[in-house]
Amino acid sequence: MLLQKVEIRNFRLSGKDIIWEIKPDTSILVGKNGTGKTTVLRLIAAALKQGQTEADMALLIQIESISLYFEGNNVIEIDGNGGVTTQGKGINGIKWAFIETFDVPNEEGKSVLDELLAKLTNDFLLFQSNLREDIDTIYTQKNKFSAQEIAQIEQNVAINHERRERFEATVNHFFADSDKVLKIKKGFTFLLNQEISLPITALSSGEKQLLVILLQVFMQNEQPYLLFLDNPEISMHTYWQRELLTKIRIINPNCQLIVATHSGSLLSRGWIENFTDVQEIIKLRTVNQESINSAILYWTTDTATTWQN
């Protein structure tokens with residue numbers, strides 16, 4: 001389900017509102033450090049989680065409220081105290097992911113990217129295993145299924161095989177100049193110079209970050225997804241930055257991207273019309289005229305009373 005508009009009232013308790021019209025494919029938020037790009041993305045995520053964590057509430061107390069407007073008149077609104085209002089039947093079916101690729105040590109001193117990659121590659125290997133089981137089913141258990149069921153299994157196998165090859169080709173497109181090649185027919189293996197097997201932990205930070213993003217997109221299974229990327233360009237060469245958004249949408253054409261970045265390179269390859277400067281969507285609050293009239297009447301009456309005394 002597509003996100004269409006975000007409204008944040010009294011952003012950072014500044015007396016200003018944010019109104020951001022979201023594009024159906026990719027929306028890119030740019031701006032100087034400290035202007036609120038990441039905060040906007042995290043507030044959207046907090047609203048999607050309906051303020052479930054302390055970190056969410058630490059963000060929400062900095063605003064009056066946030067409203068997310070989706071297609072089909074579906075709305076999520078949450079106020080600074082965590083009060084939630086929803087409209088529409090599609091809210092519970094929203095699929096989304098928030099990706100940050102900063103590589104920092106965890107409490108045990110291990111790389112966060114290495115931990116993420118270990119989980120994602122395990123998920124990918126499970127996908128591979130399920131694909132092999134489907135293939136085995138076609139050839140060894142045909143008599144247990146109807147012709148229609150066999151045809152459906154064969155179609156699913158063909159689709160997933162094509163998805164896997166597309167993913168492998170995308171990764172190897174990025175790695176072409178590094179003498180590394182991904183081979184996934186027998187697992188998830190990188191070869192150096194076509195012969196030396198490399199563990200994923202031996203990859204560079206930029207390579208790991210790229211894999212974290214692409215693997216998460218692949219595991220979306222081409223389903224409609226909201227994908228938030230916070231500064232995805234970190235540790236990536238400008239060529240990779242230019243290619244990244246286009247390649248993500250090749251792996252999952254149904255992925256709606258919402259990106260915060262400092263990188264002008266991300267805007268190339270046809271995305272220049274999709275960027276918004278955060279300053280352009282921050283508006284001075286519109287004061288209700290009735291409130292202004294009430295304030296004037298109160299001030300006039302109070303002042304007149306003071307003068308009479």
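**Entry 1: helix 1.** I began with helix 1 (residues 37–48): at 1.5 Å a residue its 12 residues should span 16 Å, and its end C-alpha atoms are 17 Å apart, which agrees. The expected span is 1.5 Å times one less than the number of residues. I took helices (H or I, at least four residues) and strands (E, at least two) as DSSP runs, numbered from the N terminus.

I noted that the model is predicted: local features need pLDDT of at least 70, side-chain atom pairs count only at pLDDT 80 or more, and totals for chains, interfaces and linings use all residues. Residues are numbered from 1 along each chain as its sequence is written, and side-chain values use heavy atoms, with hydrogens and water left out.

I then asked how many residues of helix 1 are buried. Helix 1 is mostly covered, with 11 of its 12 residues buried; buried means under 20% relative accessible area, exposed over 50%, and partly exposed in between (1.4 Å probe, protein chains only). Among the buried residues are Lys37, Val40, Leu41, Ile44 and Leu48. After helix 1 comes Gln50, whose phi is positive, near 60°.

**Entry 2: helix 5.** I repeated the check on helix 5 (residues 205–218): at 1.5 Å a residue, its 14 residues should span 20 Å, and the end C-alpha atoms are 20 Å apart, which agrees. Helix 5 is also mostly covered, since 12 of its 14 residues are buried. Its buried residues include Gly206, Leu210, Ile213, Val217 and Phe218.

Entry 3: I looked up an open sheet of 3 strands, which has the order 8-9-10 and antiparallel pairing. Two strands pair if DSSP finds at least two bridges between them. Strand 8 (180–183) and strand 10 (196–198) are the edge strands, each pairing on one side only. From one strand to the next, the twist averages 40°. Strand 9 (residues 189–192) pairs with strand 10 in the antiparallel sense over 3 bridges, and Leu192 stands opposite Ile196 in strand 10.

Which helix lies across strand 8 and strand 9? I found helix 4 (residues 147–174) there, running at about 170° to strand 8. Axes are lines fitted to C-alpha atoms, for helices over the stretch in contact (heavy atoms within 4.5 Å); angles run from 0 to 180 degrees between N-to-C directions.

**Entry 4: the whole chain.** I recorded 8 helices and 14 strands in the chain. Buried residues make up 44% of its 309 residues. Among contacts between residues at least 6 apart in sequence, 65% join residues at least 24 apart.
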